[in-house]
Amino acid sequence: MACYSIPDDEKGYKLDLFCVPKHYEEDLDQVIIPHGLIMDRTERLARDIVRDMGGHHIVVLCVLKGGYTFFADLLDYIKALNQNSDKSVPLTVDFIRLKSYCNDQSTNIVKVIGGDELSTLTGKNVLIVEDIVETGRTMETLLSLLSECNPKMVKVVSLLVKRTPRSSGYRPDYIGFEVPDWFLVGYALDYNEYFRDLSHICILNENAKEKYKV
């Protein structure tokens, strides 16, 4: 599946070219993906999903917390396509929480919150909506749990996939952007719960990692 690949030497955009909350101005290096570009790419992902999955009843499974903004915007675009095209996708939604981070480090332990409810997905067509795939282990854990419930079909859409030597090699079915091995925040991507209220996707600077460390 094609995606927008951001090169390792990408310089990004100066913060003063965009509207950034004043309380975060000292915490960010630069804007990497402006909000408008996120929205345009999300609209295209919605079109690809409707093309591939149209005609099936889909349970859209949002991975909280980071995926909620992408999830909401993606569903808005799918709903618009449902209303204005020959092919439509009947939707229901569900939510799950996965946790694998402590500060800026991905841990080897994946915590699944709400996993007991996965049994309701037996025989269903499932679209998992995730904010970022880094090592791939978190998503592989969720897919393994899902497979025990025997869904009819499972596809994964992730806004971001990180290029990292720590990757297991897992790739989602739909990818918004492939990004370098940076710690990114904004558009609901967080650092210890901060920066979810930032519209653009930005690089977190080293001072901020210490400032918001738990």
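Colleague: Which residue stands opposite Leu204 in β10?
Modeller: Leu28 is the residue facing Leu204 of β10, and please keep in mind that this is a predicted model.

Colleague: How many bridges do β2 and β10 pair over, and is the sense parallel or antiparallel?
Modeller: Strand β2 pairs with strand β10, which covers residues 201–204, in the antiparallel sense over three bridges.

Colleague: And how many of the six residues of β2 are buried?
Modeller: Five of the six are buried in β2, which runs over residues 28–33, so the strand is largely enclosed by the rest of the structure.

Colleague: Switching to aromatics, how many aromatic pairs does the count come to?
Modeller: The count comes to seven aromatic pairs. One of them is Tyr4 with Phe177, whose ring centres are 5.4 Å apart and whose planes stand at 65°, so this pair is edge-to-face, given that planes over 60 degrees apart are classed that way.

Colleague: Where do Tyr4 and Phe177 sit in the chain?
Modeller: Tyr4 belongs to strand β1 (residues 4–5) and Phe177 to strand β8 (residues 174–179), so the pair links distant parts of the chain, 173 residues apart.

Colleague: Is Phe177 buried or exposed? And what about Tyr4?
Modeller: Phe177 counts as buried, at 0% relative accessibility, whereas Tyr4 is partly exposed, with a relative accessible area of 42%.

Colleague: What about the rings of Tyr13 and Phe18?
Modeller: Their centres lie 5.8 Å apart with the planes at 75°, so Tyr13 and Phe18 make an edge-to-face pair. Tyr13 is partly exposed at 35% relative accessible area, and Phe18 is partly exposed at 25%.

Colleague: Which residues form one aromatic cluster?
Modeller: Tyr24, Tyr194, Phe195 and Tyr212 together form one.

Note on methods:
Residues numbered from 1 in each chain as written. Predicted model: local features only at pLDDT ≥ 70, side-chain atom pairs only at ≥ 80, totals over all residues. Heavy atoms only, no water. Phe/Tyr/Trp six-rings, centres within 6.5 Å; stacked < 30°, edge-to-face > 60°. Helix = DSSP H or I, 4+ residues; strand = E, 2+ residues; numbered from the N terminus. Buried < 20%, exposed > 50% of the residue type's maximum accessible area, 1.4 Å probe, protein only. Pairing = 2+ DSSP bridges.
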